[in-house]
Amino acid sequence: METGTIVIIVIVVIVIAGGAAAAAQLVLLPALRTNRLRRRFGPEYDHALEVYGDRADAERDLTERLRERGGTELRELTREEAAAHADAWTAVQGEFVDDPVGSVRGARSLTDSIMRDLGYPDGPMAEGGVHDDASFERRAKDLSVDHPEAVARYRATWAAGHLAEADQTATENLREALLAYRELVEALLGGLPKEHRKGNGRETGTPPAQAEQTE
């Protein structure tokens, strides 16, 4: 076989192999990216799919969140700061029986305060020093990178809290909102001491046995 023919055959084989590799990348890389984003964001991945209705757009948004989070430098709270926030949470949940709406609003405000102290980007404030609906989604996206499970409850909390505030007799919605905020506070603080989590049900108007089940 002539040298020129051998060279041509080798080139053809390389081209075919390169094409196969490129085709494999086109198939495998998106699947790997999807799996990576699903593992990282959990329920927030499904939420993004529901919002966008298109996998590529949803994954583009989630990837952008990771990029923005990489440019945000968070800090650890000092022991004193963490203890102060934990004490504040105890006060917030202790107000529930007498003022459920005020307790939920206090939980929302405390969550914003902890996020600011940790270094999360801030956003527009509504009256009373808490974030309004327009900036809520930005806060949820910031949190979703580090605390996707808590954000799933955070979204439900936001909706339930507003519905309950509109109808102040809807104490069950308010109770669920407060419990969801507690989960988010725990995630942000890296946990709450046991004495800050339990109050024999009095902090949410829950019977003692049921309060134990929610822990």
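K141 is buried in this predicted model, with a relative accessible area of 17%. Because the cut-off for buried is under 20%, K141 falls on the buried side. Its partner is D61, and the closest N and O atoms of that salt bridge are 3.2 Å apart. D61 counts as buried too, at 11% relative accessibility. The pair ties together distant parts of the chain: D61 sits in helix α3 and K141 in helix α6 (residues 133-144), 80 residues apart.

E137 and R155 meet through their side chains in a salt bridge, 2.8 Å from N to O. What about burial? R155 is buried, with a relative accessible area of 13%, whereas E137 counts as partly exposed at 29% relative accessibility.

Which residues join these pairs in a network? E44, D61, R65, E137, K141 and R155 are linked by salt bridges. The structure holds 13 salt bridges, and one of them pairs R38 with D46, the closest N and O atoms being 3.3 Å apart. For that pair, both ends come out as partly exposed: R38 at 35% relative accessibility and D46 at 42%. As a general point, side chains of opposite charge can pair when their charged atoms come close.

Now for the helix packing.

| Helix pair | Angle between axes | Axis distance |
|---|---|---|
| α4 (residues 79-94) and α8 (residues 171-189) | about 175° | 11 Å |
| α5 (residues 100-118) and α8 | roughly 20° | within 9 Å |
| α2 (residues 43-52) and α3 (residues 55-70) | roughly 130° | within 8 Å |

Take α2 and α3, whose axes cross at roughly 130°. That angle makes α2 oblique to α3, and the crossing is right-handed. On the α2 side the contact uses E44, Y45, A48, L49 and Y52, which meet R55, D57, A58, E59, D61, L62 and R65 of α3. By class, this contact has six nonpolar, no polar and six charged residues. Some names come back here: E44, D61 and R65 are among the residues of the salt-bridge network.

Helix α8 takes part in the other two pairs. With α4, the axes lie at about 175° and 11 Å apart, so α4 is roughly antiparallel to α8. From α4 come A82, H85, A86, W89, V92 and Q93, and from α8 come L178, Y181, R182, V185 and L189. The class count for this contact is eight nonpolar, two polar and one charged residues.

With α5, the axes come within 9 Å and cross at roughly 20°. That makes α5 roughly parallel to α8, and α5 passes α8 in a left-handed crossing. The α5 side brings P100, V101, S103, V104, A107, R108, T111, I114, M115 and L118, while α8 brings T171, L174, A177, L178, Y181, L184, V185, L188 and L189. By class, there are 15 nonpolar, three polar and one charged residues in this contact.

Which α8 residues does α4 meet? They are L178, Y181, R182, V185 and L189.

Key: Residues numbered from 1 in each chain as written. Predicted model: local features only at pLDDT ≥ 70, side-chain atom pairs only at ≥ 80, totals over all residues. Heavy atoms only, no water. Axes fitted to C-alpha atoms, helices over the stretch in contact; angles between N-to-C directions. Helix = DSSP H or I, 4+ residues; strand = E, 2+ residues; numbered from the N terminus. Parallel < 35°, antiparallel > 145°, perpendicular 65-115°, else oblique. Contact = heavy atoms within 4.5 Å. Nonpolar A, V, L, I, M, F, W, Y, C, P; charged D, E, K, R; others polar. Left-handed = near helix turned anticlockwise from the far one by under 90°. Salt bridge = Lys/Arg side-chain N within 4 Å of Asp/Glu carboxyl O. Buried < 20%, exposed > 50% of the residue type's maximum accessible area, 1.4 Å probe, protein only.
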